[in-house]
Amino acid sequence: IRAETERLTNQPRDSAYLNTYKELLLKHITRIEGIIQRMLGLAREKERQVADITLNELLEAVIACFNFDGIKLTKELQPVRPIKGDADELQEVFVNLMQNAIDSMPNGGTITLRTREESGKVVAEVADTGKGIPAELREKIFDPFFSTRHEGVGLGLSIVYRIVRETGGDIQVTSEVGKGTTFTLSFPV
């Protein structure tokens with residue numbers, strides 16, 4: 001929201017752009033409200049709404065939440081079987097991963113989304129060409145309240161980890177400083 005608002009007055013805007021901007025802001029505000037509610041609800045159990053999720057459709061919905069200004073988005077989405085999970089939670093997973101990818105590339109770059117089936121599991125990858133994560137920090141990134149960003153609170157990746165594990169999935173990260181990071185998520189079908 002901050003980045004979009006700061007760019008808003010850089011040049012004259014027409015009403016179509018402003019309407020698109022309004023819709024984008026409302027999506028992000030709704031997402032933030034959900035994050036705050038989940039933070040407040042960490043102590044109490046939420047009933048998960050488990051259903052069959054078509055991962056490629058979920059990823060397309062997540063993509064619609066972002067403005068990829070200066071960032072190239074590449075999609076390599078193969079047909080995959082549905083996975084079991086809570087759609088809102090899984091959307092939060094990919095929103096967090098996409099936002100981290102965008103944040104890691106302040107001067108632009110490429111985000112690649114991939115899906116495939118491998119060894120009886122559905123695999124999704126979110127890869128960026130950003131700053132990368134130093135080896136000594138990789139083992140801490142899923143810890144609650146660990147953040148390398150000054151304004152970050154360090155809950156995003158810990159929530160991602162928890163949701164993926166509760167879904168019966170696994171998450172791995174590979175990264176090279178100066179070249180980028182890839183998060184690989186695998187889910188049972």
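Me: At what angle do helix H3 and H4 pack, and how far apart are their axes?
Reply: In this predicted model, H3 (residues 55–63) packs against H4 at an angle of about 55°, and their axes are 10 Å apart. That angle makes H3 oblique to H4.

Me: Is the crossing of H3 and H4 left-handed or right-handed?
Reply: The two helices cross in a right-handed sense.

Me: And which residues meet there?
Reply: From H3 you have Leu 55, Leu 58, Leu 59, Ala 61 and Val 62. On the H4 side they meet Ala 87, Leu 90, Gln 91, Phe 94, Val 95 and Met 98.

Me: Which residues of H4 are buried?
Reply: Among them are Leu 90, Phe 94, Val 95 and Met 98. The buried set also includes Glu 89, Glu 92 and Asn 96.

Me: What caps the N-terminal end of H4?
Reply: Asp 86 does, with a side-chain oxygen 3.0 Å from the backbone nitrogen of Asp 88.

Me: Switching to H6, which of its residues are buried?
Reply: H6 runs over residues 156–166, and its buried residues are Leu 157, Ser 158, Ile 159, Val 160, Ile 163 and Val 164.

Me: What covers them?
Reply: The cover includes helix H4 (87–103), along with strands E6 (170–176) and E7 (180–188).

Me: Which residue with a positive phi follows H6?
Reply: That's Gly 168, with phi near 90°.

Methods: Residues numbered from 1 in each chain as written. Predicted model: local features only at pLDDT ≥ 70, side-chain atom pairs only at ≥ 80, totals over all residues. Heavy atoms only, no water. Buried < 20%, exposed > 50% of the residue type's maximum accessible area, 1.4 Å probe, protein only. Helix = DSSP H or I, 4+ residues; strand = E, 2+ residues; numbered from the N terminus. Contact = heavy atoms within 4.5 Å. Polar contact = N/O pair within 3.5 Å; in protein donor to acceptor, adjacent residues only side chain to side chain. Axes fitted to C-alpha atoms, helices over the stretch in contact; angles between N-to-C directions. Parallel < 35°, antiparallel > 145°, perpendicular 65-115°, else oblique. Left-handed = near helix turned anticlockwise from the far one by under 90°.
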